[in-house]
Amino acid sequence: MRYSGFKVIKEALTGHRGWGPAWRDVDPQPAYDYVIIGGGGHGLATAYYLASVYKQSRIAVLEKGWIGGGNVGRNTTIIRSNYLLDGNEPFYEFSLKLWEGLEQDLNYNAMVSQRGILNLIHTDAQRDAFIRRGNAMILNGADADLLTTAQIKKRYPFLNTENARFPIKGGLAQHRGGTVRHDAVAWGYARAADQRGVDIIQNCEVTGFTIENGTCTGVETTRGAIKAKKVAACVAGSSSRLMEKAGMRLPIESHVLQAFVSEGLKPLLPGVITFGAGHFYCSQSDKGGLVFGGDIDGYNSYAQRGNLPVVEDVCEGGMAIFPMLGRARLLRMWGGIMDMSMDGSPIIDKTHIDGLYFNGGWCYGGFKATPASGYVYAHLLANDTPHETATAYRFDRFAKGLMIDEKGQGNQPNLH
Amino acid sequence: MIINHPLLGPRDSAEFTYMGDARLINRPDWQADDAVAQFTDYGYLRDNPAGAHRELWFHEGGDRSWLVVTRDTTTHEITNVELARDVARAEGRSK
């Protein structure tokens with residue numbers, strides 16, 4: 001079924017009896033060409049691009065719970081491509097371009113809103129660093145715009161530019177950045193993949209890998225064994241737990257990141273803003289809630305909930321630039337589990353086991369990468385060579401000293 | 001989280017800096033034949049379990065001691081706190 005304005009009107013006039021399920025509920029087949037573990041945004045996108053771009057078939061996505069119930073439904077929905085390093089920026093710009101055509105491609109309203117993202121500048125040194133990053137973005141085909149305080153004041157009159165400790169001295173804007181309705185990304189990819197014959201199998205947890213003579217030939221699941229020519233792990237947040245079943249240790253720690261939503265307010269925040277002197281980022285959802293977050297809690301966790309010191313720290317960051325935030329009440333807060341890698345960048349690579357592939361280590365930047373992550377992972381699965389924008393995301397970059405460390409923090413995952 | 005410091009009693013975890021897996025106490029032998037491979041594993045690979053985890057916490061906002069805390073990563077419950085010095089000495093790391 002194709003979704004369209006005409007279809008909405010027709011259904012409205014006929015009692016909405018013609019809408020079917022957006023994807024089939026299927027039982028697992030005994031064998032597939034591709035088994036993708038993880039029915040989050042990245043896994044579903046991988047399945048979609050494998051089927052649509054790389055013309056592969058016999059594809060299954062295995063999800064232990066329900067699709068979109070993990071981090072794709074727990075993030076702060078921001079999209080952007082404002083990275084510095086060569087290993088990252090072409091990939092994230094590729095992702096932003098895919099976001100721009102996503103809804104037409106999927107025939108699904110994912111509410112992609114290019115409302116712009118603004119990184120605030122508070123010191124002269126920070127301005128130099130942001131100018132450099134903006135130039136790197138432009139060199140890679142992205143857009144970047146250095147704004148003066150007066151230009152910022154015009155768009156965001158409520159920002160506290162005169163804070164004695166953290167004065168706002170300008171900002172680096174990416175006008176093509178913005179937000180996307182995160183759940184709709186999972187649903188849109190699921191529906192589009194399903195239409196191309198992908199089996200989406202929910203409530204099917206992988207309990208082990210079938211590995212014979214160094215080759216992965218399938219997976220054990222709570223719904224029986226499934227054979228596969230290629231098995232693709234795509235479970236960021238739980239990567240270490242999954243890959244342990246294949247005997248692998250990863251350059252990853254799992255950390256909890258908290259996010260917050262205020263009560264619904266009238267429209268006041270036209271774009272995404274980030275505080276440069278602490279760690280705070282905020283946008284306003286279409287329902288009116290201010291969606292914001294900050295640093296990870298900083299210790300290994302699988303608990304999907306954090307502690308109060310970080311809540312205080314995030315809210316202090318918000319209050320420093322945005323004093324009226326103190327008048328809004330918090331409606332919800334929650335935590336999600338991040339694969340924090342050793343250099344702050346992801347891994348999309350073959351493993352040392354033939355037929356077993358890995359995609360993870362997204363730190364807390366996975367949502368914006370969803371389309372490109374799926375695309376390049378599909379490329380790797382179909383061709384056994386990395387996509388041109390993802391050649392740096394290798395396992396062996398740590399041993400070879402080829403880290404992609406945007407913040408220059410070294411192998412301390414909780415600092416990335 | 002409250003960390004029950006062996007010398008100072010219960011302290012807020014916000015006084016501490018988290019430094020990761022306590023296996024980092026066991027720095028490899030730099031003279032071993034496979035020292036490069038050992039240091040690559042030591043520097044970059046982690047067990048990252050869901051459940052009991054022994055980890056290093058540095059009391060940066062306090063007495064600057066290093067602790068080995070055993071904590072459940074699925075509940076954040078802390079079951080044991082030791083001085084890292086005692087742990088290292090028991091493993092023969094420090095003379």
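This is a predicted model: local features need pLDDT of at least 70, side-chain atom pairs count only at pLDDT 80 or more; totals for chains, interfaces and linings use all residues.
Let us start with the two partners. To their contact, domain 1 of chain A gives 33 residues and domain 2 of chain A gives 35 residues.

How much area do domain 1 of chain A and domain 2 of chain A bury between them? The value is about 2,900 Å², with 55% of it on carbon and sulfur atoms. On the side of domain 1 of chain A, the residues that lose the most area to domain 2 of chain A are A:Arg74, A:Leu84 and A:Tyr364, which together make up 24% of what that side buries.

Polar links also cross this interface. The rule finds 2 salt bridges between domain 1 of chain A and domain 2 of chain A, and 15 residue pairs there are in polar contact, both at pLDDT 80 or more.

Now for the elements on the domain 1 side. Those giving two or more residues to the side of domain 1 of chain A that touches domain 2 of chain A are listed here:

| Element of chain A | Residues |
|---|---|
| β3 | 78-79 |
| α3 | 89-100 |
| α8 | 239-243 |

The largest share of that side, 6 residues, comes from α3(A). Sorted by class, the side of domain 1 of chain A that touches domain 2 of chain A holds 11 nonpolar, 13 polar and 9 charged residues.

Note on methods: Residues are numbered from 1 along each chain as its sequence is written. Chains are lettered from A and ligands numbered from 1 in the order in which they are written. Side-chain values use heavy atoms; hydrogens and water are left out. Contact means heavy atoms within 4.5 Å. Buried area is the accessible area (1.4 Å probe) that two parts lose on being put together, summed over both. A salt bridge is a side-chain nitrogen of Lys or Arg within 4 Å of a carboxyl oxygen of Asp or Glu. A polar contact is a pair of N or O atoms within 3.5 Å; within protein, one must be able to donate a hydrogen and the other to accept it, and residues adjacent in sequence count only if both atoms are side-chain atoms. Helices (H or I, at least four residues) and strands (E, at least two) are DSSP runs, numbered from the N terminus. Ala, Val, Leu, Ile, Met, Phe, Trp, Tyr, Cys and Pro count as nonpolar, Asp, Glu, Lys and Arg as charged, and the others, Gly among them, as polar.
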